[in-house]
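Please look through the sequence and the three-dimensional structure below before reading on.

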Amino acid sequence: MRQGVRGVCTALRRWADGGGSLTAACTGTFVLAEAGLLDQRRATTTWWLSDLFRHRYPAVRLDMSRMVVSDAGVVTAGAAFAHIHLALGIVAQVCPRLAAETAGALLIEERPTPSTGAMSDYLEDRDQLTSDFEAWARAHLHSPVGVADAALALGVTRRTLERRVRDRLGTSPYAFIRSLRAERAEHLRVTTALPSPDIARQVGYQDATTVRRLRGGRQQFPR
């Protein structure tokens, strides 16, 4: 391994240990794999190097059927227009509906690849339950509701909701709701003159201390 690559791998591991999110597209996925950050995770890479990837990194669960793969907070994308799909995948971890609407506005179509015959495009890969969960959560941020309430409202078991959200967003439903509360609180702080206690109540908390803690952790998506 070249000295420069070793340095990047060290920096990536340090970033991951600190809770930072990780993404890579095309041949960049090799660097994440070299750093050991894709071991036992699902990931994808550029189609024409997939055989080499499998040979070099057998501990990675390579999935060449998708343009974007998210697993435990790490997002990887394949070749061609992978940077667009990677960006949408990152947006989807915070707001699936926004990612879907952006994909539709950009007219991102299904694209063929020699390794799979055809890759599922972003819109087809959308999960309705995850989208419904996000919509429900955003509509109830002012109330002290939780994951059990969401599951009941959506007509599914809590276990099903937990599994689907983790599969699609790489995080738990609780952490996702918490991130939405932090997002809304920050928006209100910047765009209104509301005092902190009022902002806290509008995002489902009883005191401003919790909101301040959320603001302190917004740089990294909670797991």
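R54 is partly exposed, with a relative accessible area of 41%, where buried means under 20% relative accessible area, exposed over 50% and partly exposed in between, computed with a 1.4 Å probe and protein chains only. R54 belongs to helix 3, and, when residues up to four places away in sequence are not counted, R54 touches L62 and M64, contact being defined as heavy atoms within 4.5 Å.

The model is predicted, so that local features need pLDDT of at least 70 and side-chain atom pairs count only at pLDDT 80 or more, whereas totals for chains, interfaces and linings use all residues. Residues are numbered from 1 along each chain as its sequence is written, and side-chain values use heavy atoms, with hydrogens and water left out.

Seen as a whole, the chain has a secondary structure of 11 helices and 5 strands; helices (H or I, at least four residues) and strands (E, at least two) are DSSP runs, numbered from the N terminus. Buried residues account for 43% of the 223 residues in the chain. Of the contacts in the chain between residues at least 6 apart in sequence, 53% join residues at least 24 apart.

Turning to the sheet, 3 strands form an open sheet in the order 1-5-4, with mixed pairing, two strands being paired if DSSP finds at least two bridges between them. Strand 1 (22-25) and strand 4 stand at the edges with a single partner strand each, so one side of each is left without a neighbour in the sheet. On average, and with direction ignored, neighbouring strands of this sheet are turned by 10 degrees against each other; the axes behind this value are lines fitted to C-alpha atoms, for helices over the stretch in contact, and angles run from 0 to 180 degrees between N-to-C directions. Strands of a sheet pair through backbone hydrogen bonds, either parallel or antiparallel. Here strand 1 and strand 5 pair in the parallel sense over 4 bridges, and the bridge partner of A24 in strand 5 is T76.

On the edge strand 4 one finds S70, which is buried, with a relative accessible area of 12%. Leaving aside neighbours within four places in sequence, S70 is in contact with R42, V75, Q93, D167, L169 and G170.

The aromatic side chains come next. A search of the whole structure finds 4 aromatic pairs, where rings of Phe, Tyr and Trp (its six-membered ring) pair if their centres lie within 6.5 Å, and planes under 30 degrees apart count as stacked, over 60 as edge-to-face and the rest as tilted. The ring centres of F30 and F53 are 5.0 Å apart and the planes stand at 85 degrees, so this pair is edge-to-face. Because F30 lies in helix 2 (residues 28-34) and F53 in helix 3 (residues 50-56), the pair ties together parts that are 23 residues apart in sequence. Both F30 and F53 are buried. A second pair, F133 with F176, is tilted, at 5.9 Å centre to centre and 40 degrees between the planes. F133 lies in helix 6 (residues 128-139) and F176 in helix 9 (residues 173-191), so this pair ties together parts that are 43 residues apart in sequence. F133 is buried, with a relative accessible area of 0%, and F176 is likewise buried, with a relative accessible area of 0%. Ring pairs also link F30, F53 and Y57 into a cluster.

A ring also takes part in a contact with a charge: the charged end of R181 sits over the ring of Y205, 5.4 Å from its centre, the criterion being that NZ of Lys or CZ of Arg is within 6 Å of the ring centre and within 35 degrees of the ring normal.

How many disulfides does a search of the whole structure find? The search finds 0, a disulfide being a pair of cysteine sulfur atoms within 2.5 Å. C9 counts as buried at 1% relative accessibility, whereas C26 is partly exposed, with a relative accessible area of 27%.

Finally, the backbone deserves a look in two loops. Q40 has a positive phi of about 65 degrees although it is not a glycine; Q40 is placed in the loop between helix 2 and strand 2 (42-43) and, at 55% relative accessibility, counts as exposed. A72, also not a glycine, has a positive phi of about 55 degrees. A72 lies in the loop between strand 4 (68-71) and strand 5 (74-77), and at 35% relative accessibility A72 counts as partly exposed.
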